[in-house]
Every structure is written in structure tokens, then in C-alpha cells.
Amino acid sequence: TGALAGRNNGLIENCHVTGRVHYKYYTDVRGALAGENGPAGIIRNCSASAEVPGQGNYIGGLVGRTLGRIEDCHAEVDVAGHQRVGGIAGYQEGGSLVRCSTSGHVTAVLGDAGGLVGNVINGVMTESFATTEVVSQSGAAGGLAGRGWEGRIRYCFATGRVTTQDGPAGALVGMQDGGAVDSCYGTSLVSGSDAAGLLHFA
């Protein structure tokens with residue numbers, strides 16, 4: 001669910017969302033702009049200045065879940081959810097995220113919390129950055145991505161603060177399993193029970 005679209009499989013371009021996207025009950029796949037960006041979906045040159053609080057999984061400042069392409073977008077947000085929570089997207093499977101940025105706060109109860117994306121699977125993230133405070137009560141947390149499975153992260157950076165009470169935390173990625181991370185850096189202040197300088201490799 002999103003303020004502009006529930007699911008996008010076309011082109012959303014030059015849009016801005018501001019306000020608060022709130023649901024009283026447990027609801028998955030939520031974003032300030034769109035709930036889901038489908039495999040054929042393109043979101044270009046869009047932004048959000050919004051709060052996306054509440055319960056549920058796949059919660060993002062711009063979209064809850066993306067399987068398509070997001071480029072040249074920015075989110076200044078306060079996002080909270082149970083798991084897979086991110087400043088731009090809560091979850092990215094395949095697709096690409098290019099020249100995007102985020103600032104604000106990201107909070108997850110069960111982990112996979114990232115400044116830009118909560119959980120990345122087989123996706124490409126390039127030329128993007130996050131200046132975000134990321135907090136996870138339990139599970140992985142990272143300045144850029146909470147957890148990465150395969151895929152590629154390139155020419156990205158993260159600054160801010162990353163905190164997790166119980167789980168892996170990294171200035172760039174909380175936990176990376178396979179794939180590649182290159183030409184990136186992270187200067188986020190990291191604290192928690194299993195804190196790493198840049199990232200954890202599974």
C-alpha cells in the first residue's frame with residue numbers, strides 16, 4: 001500500500017509525496033509512494049518526505065518492496081516496521097537501485113534494517129548513499145543495507161549511526177552472503193552485540 005499506488009508495473013516519474021502513511025493494524029508491503037514496484041516497474045526522479053510508522057514487514061520510505069528499477073530518487077523519512085525495513089525500500093529482489101539517497105531514521109523490531117534497503121536479494125545497488133540512523137532490536141542492521149544475498153553493491157557509501165541490540169551490525173551492510181561489494185565505504189558509528197567496521201560476510 002502506498003500514497004500514490006498500491007503496485008506499480010509501469011512508469012512513475014517526477015513525483016513527490018509528503019505526509020504520514022499510517023495503518024492501525026499489522027500490514028505488510030507499505031511505502032510512502034507505492035507498496036510494491038513490480039518487475040516491469042520504473043520509478044524515476046521521485047522523492048518522499050514522510051513518516052511510515054507501524055507494524056508489518058517490507059516497509060520502505062519510498063516503496064515497501066521492489067523487483068524493478070528505482071533511479072534518481074531521494075527519501076527523507078522516519079520508517080518503522082517489524083522486519084525488512086529500509087529508507088528507500090524494505091526489500092529488493094532483483095532489479096536495480098541507481099543514484100538514490102536517503103536520510104532520517106529506520107527502525108525494525110526483528111532486523112534486516114538498512115539505511116537504503118532492508119534486505120537485498122540478487123539485486124544491483126549502485127551510486128547510492130544513506131545518511132541515516134538505523135536501529136534494530138534483533139537481527140541484522142546496516143548503514144546502507146541490513147542484509148544482502150548475492151547481488152552487487154557498487155560505488156555506494158553510508159554515514160550516520162547503526163545500532164542493534166542482538167544481531168550483526170555493519171557501517172555499510174549488516175550481513176552479506178555471497179555476491180560482491182566493491183568501491184564502497186561506510187563511516188557510520190556502529191554499536192551492538194556483534195558490531196563490524198564495514199560489514200559481516202556469512
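Is Asn-14 buried or exposed? With a relative accessible area of 54%, Asn-14 is exposed, where buried stands for under 20% relative accessible area, exposed for over 50% and partly exposed for values in between (1.4 Å probe, protein chains only). The structure is a predicted model, in which local features need pLDDT of at least 70 and side-chain atom pairs count only at pLDDT 80 or more, while totals for chains, interfaces and linings use all residues. Residues are numbered from 1 along each chain as its sequence is written, and side-chain values use heavy atoms, with hydrogens and water left out.

**The loop residue Asn-14**

Asn-14 lies in the loop between E2 and strand E3 (16-20); helices (H or I, at least four residues) and strands (E, at least two) are DSSP runs numbered from the N terminus. Leaving out residues up to four places away in sequence, Asn-14 touches Arg-44, Asn-45 and Cys-46, a contact being heavy atoms within 4.5 Å. The C-alpha atoms of Asn-14 and Arg-44 are 6.6 Å apart in space, although the two residues are 30 residues apart in sequence. The side chains of Asn-14 and Asn-45 make a polar contact at 2.5 Å, that is, a pair of N or O atoms within 3.5 Å, of which, within protein, one must be able to donate a hydrogen and the other to accept it, with residues adjacent in sequence counting only if both atoms are side-chain atoms.

**Sheets and strand pairs**

Strand E2 belongs to an open sheet of 7 strands with parallel pairing, in the order E2-E6-E10-E14-E18-E22-E25. Strand E2 (11-13) and strand E25 (180-182) stand at the edges with a single partner strand each, so one side of each is left without a neighbour in the sheet. On average, neighbouring strands of this sheet are turned by 5° against each other, direction ignored; the axes are lines fitted to C-alpha atoms, and angles run from 0 to 180 degrees between N-to-C directions.

| Strand | Partner | Bridges |
|---|---|---|
| E22 (residues 152-154) | E25 | 3 bridges |
| E1 (residues 5-8) | E5 (residues 34-37) | 3 bridges |
| E5 | E9 (residues 63-66) | 3 bridges |

Within these pairs, Ile-153 stands opposite Val-181 in E25, Ala-5 opposite Ala-34 in E5, and Glu-36 opposite Arg-65 in E9.

**Buried residues and the core**

Gln-92, in strand E13 (residues 89-93), counts as buried at 1% relative accessibility. A polar atom of the Gln-92 side chain lies 3.2 Å from the backbone oxygen of Val-124, and the contacts of Gln-92 beyond four places in sequence include Thr-66, Leu-97, Val-117 and Met-125. Ala-108, in strand E15 (residues 101-108), is likewise buried, with a relative accessible area of 1%, and among the residues that Ala-108 touches beyond four places in sequence are Gly-81, His-82, Val-85 and Val-135.

The largest nonpolar core has 48 residues, of which Ile-43, Leu-62, Ile-70, Ile-88, Leu-116, Met-125 and Leu-144 touch the most other members; such a core is a set of buried Ala, Val, Leu, Ile, Met, Phe, Trp, Tyr and Cys residues joined through side-chain atoms within 4.5 Å. The elements that give two or more residues to this core include strand E7 (47-52), strand E11 (74-81), E15 and strand E23 (157-170). Leu-62 is in contact with residues including Ile-43, Ile-70 and Ile-88, its neighbours within four places in sequence being left aside.

Key
Two strands pair if DSSP finds at least two bridges between them.
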